Amino acid sequence: MMTSRRKIIYVATVYLRAVHDGRDPLYAVCEWFRVTRATAGQWVSRSRELGYLPTPPLCGHWPRLTRWDDGPISSAWIACEACMNPWPCTQADTIAWLERLPRML
Ligand SMILES: [Zn+2]
């Protein structure tokens with residue numbers, strides 16, 4: 001199994017792009033690499049350990065999928081975890097995150 005640092009960074013990028021696009025991030029990793037949810041989950045955990053993904057409970061400015069409690073998933077939108085403004089918010093952390101994302105590949 002490929003679990004090199006480069007692979008883990010790639011996993012983080014696929015995951016974060018999915019979050020940013022409002023898709024299920026774990027499913028996106030499964031689909032991209034054609035692996036099971038269990039394998040994808042292991043890679044995502046490793047990615048968190050190495051600091052490429054935020055570790056729950058999330059703190060700081062990160063994208064999260066938001067919706068009204070009883071609303072359909074199709075009515076969901078991406079908001080900032082910290083300030084709850086529509087993503088991307090204009091905080092320095094967010095700008096730094098967006099700048100880092102393309103370089104992960
Ligand atoms: Zn924010």
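Biologist: How many of the 105 residues of the protein count as buried?

Modeller: In this predicted model, 22% of the 105 residues count as buried.

Biologist: Take one residue, then. Is Y52 buried or exposed?

Modeller: The general idea is to count the C-beta atoms around a residue; 20 or more others within 10 Å make the residue buried. Y52 has 20 C-beta neighbours inside 10 Å, so Y52 counts as buried.

Biologist: Where does Y52 lie?

Modeller: Y52 sits in the loop between α3 and β1, the strand of residues 63–66.

Biologist: Which residues does Y52 touch, leaving out those up to four places away in sequence?

Modeller: Y52 touches I8, I9, A12 and S47. Take I8 as an example: I8 and Y52 are 44 residues apart along the chain, and their C-alpha atoms are separated by 8.2 Å.

Biologist: What share of the contacts in the protein with a separation of 6 or more joins residues 24 or more positions apart?

Modeller: Such pairs account for 38% of those contacts.

Biologist: What describes two packed helices?

Modeller: Two packed helices are described by the angle between their axes and by the distance between those axes. Here, the axes of α2 (residues 25–33) and α3 (residues 37–49) come within 9 Å and cross at roughly 110°. That angle makes α2 roughly perpendicular to α3, because angles of 65 to 115 degrees count as roughly perpendicular.

Biologist: Is the crossing of α2 and α3 left-handed or right-handed?

Modeller: The crossing of α2 and α3 is right-handed.

Biologist: Which residues make the contact?

Modeller: From α2 the contact takes L26, V29 and C30, and from α3 it takes R37, A40, G41, W43 and V44. By class, the contact of α2 with α3 has six nonpolar residues, one polar residue and one charged residue.

Conventions: Residues are numbered from 1 along each chain as its sequence is written. This is a predicted model: local features need pLDDT of at least 70, side-chain atom pairs count only at pLDDT 80 or more; totals for chains, interfaces and linings use all residues. Axes are lines fitted to C-alpha atoms, for helices over the stretch in contact, and angles run from 0 to 180 degrees between N-to-C directions. Helices (H or I, at least four residues) and strands (E, at least two) are DSSP runs, numbered from the N terminus. Angles under 35 degrees count as roughly parallel, over 145 as roughly antiparallel, 65 to 115 as roughly perpendicular and the rest as oblique. A crossing is left-handed if the near helix is turned anticlockwise from the far one by less than a right angle, and right-handed if clockwise. Two residues are in contact if their C-beta atoms, placed from the backbone, lie within 7 Å. Ala, Val, Leu, Ile, Met, Phe, Trp, Tyr, Cys and Pro count as nonpolar, Asp, Glu, Lys and Arg as charged, and the others, Gly among them, as polar. A residue is buried if 20 or more other C-beta atoms lie within 10 Å of its own, exposed if 12 or fewer, and partly exposed in between; C-beta atoms are placed from the backbone.
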